[in-house]
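Subject: Structure for you to look at

Dear colleague,

I am handing over the structure below, and my notes on helix packing and on a pocket follow it. Please read them with the model open.

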Amino acid sequence: MTLLLQKRQASIMRKNGKYHIALDRGNLQRPEILVATIAHELAHVKLLGEKKLETNDEYLTDLTTVFFGLGIFNANSCFQFYQSGARWGYNQLGYLRQEEWAYALALLAFMREEQNPEWSNFLCTSIKSDFKKSLKYIFENKNQIFNFDDEL
């Protein structure tokens, strides 16, 4: 695999059996976003490159980062405010909303039987709040959420 730097959005391509991930050079100064982008592009390799999917599904690609333990970076990067002088704005990264990231991370914690995972201390404030609510709900309603009756 090769990482390339460019002045545009991330992309991935396969050439001669190798994957080449091109990253926005501007993200070198934003390590959390850089890790989130690399995680997302590697999820494409796992899903499409290993032929787990026939067509691209960006939402599933985002969720795959959670499965491989890198979702915290994507969750923290999904929505960020910034201020520059008298101006302010926001950046969005990825396809899932912050509530969806929080719930996906809560499901991961539940599956790992972590009621108060240490890694959740590294979630940004807005994600952490939704994460705690989601985790509490899941633990209180696990029989309704994970009901594997014979009816399936």
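What volume does the largest pocket have? The volume of the largest pocket is about 570 Å³, where a pocket is an open set of points, on a 1 Å grid over the protein atoms alone, at which a 1.4 Å probe fits, with protein on both sides within 12 Å along at least five of seven lines, and where a volume is the space filled by probe spheres set on the points, grid points being joined across faces, edges and corners.

Please keep in mind that this is a predicted model, in which local features need pLDDT of at least 70 and side-chain atom pairs count only at pLDDT 80 or more, while totals for chains, interfaces and linings use all residues. Residues are numbered from 1 along each chain as its sequence is written, and side-chain values use heavy atoms, with hydrogens and water left out.

The largest pocket is lined by 21 residues, of which Gln9, Ala10, Thr37, Leu93 and Gly94 are the closest to its centre; a lining residue has an atom within 4 Å of a point. Two or more lining residues come from each of α1 (31-49), α2 (58-67) and β5 (87-92), these being DSSP runs numbered from the N terminus (helices H or I, at least four residues; strands E, at least two). Helix α1 gives the most, with six residues. By class, the lining has six nonpolar, ten polar and five charged residues, counting Ala, Val, Leu, Ile, Met, Phe, Trp, Tyr, Cys and Pro as nonpolar, Asp, Glu, Lys and Arg as charged, and the others, Gly among them, as polar.

Turning to the helices, the axes of α1 and α2 come within 8 Å and cross at roughly 110° (axes are lines fitted to C-alpha atoms over the stretch in contact, and angles run from 0 to 180 degrees between N-to-C directions). The two helices are therefore roughly perpendicular to each other, a term that covers 65 to 115 degrees. In this contact (heavy atoms within 4.5 Å), Ala39, His40, Ala43, His44 and Leu47 of α1 meet residues of α2 that include Glu58, Leu60 and Asp62.

Helix α2 also packs on α4, with axes that come within 10 Å and cross at roughly 35°. Here Asp62, Leu63, Thr65 and Val66 in α2 meet Trp101, Ala104, Leu105 and Leu108 in α4, and the residues of this contact divide into six nonpolar, one polar and one charged.

Finally, α4 (residues 98-111) packs against α5 (residues 125-140) at an angle of about 50°, with the axes 8 Å apart.

Best regards

Terms used
Parallel < 35°, antiparallel > 145°, perpendicular 65-115°, else oblique.
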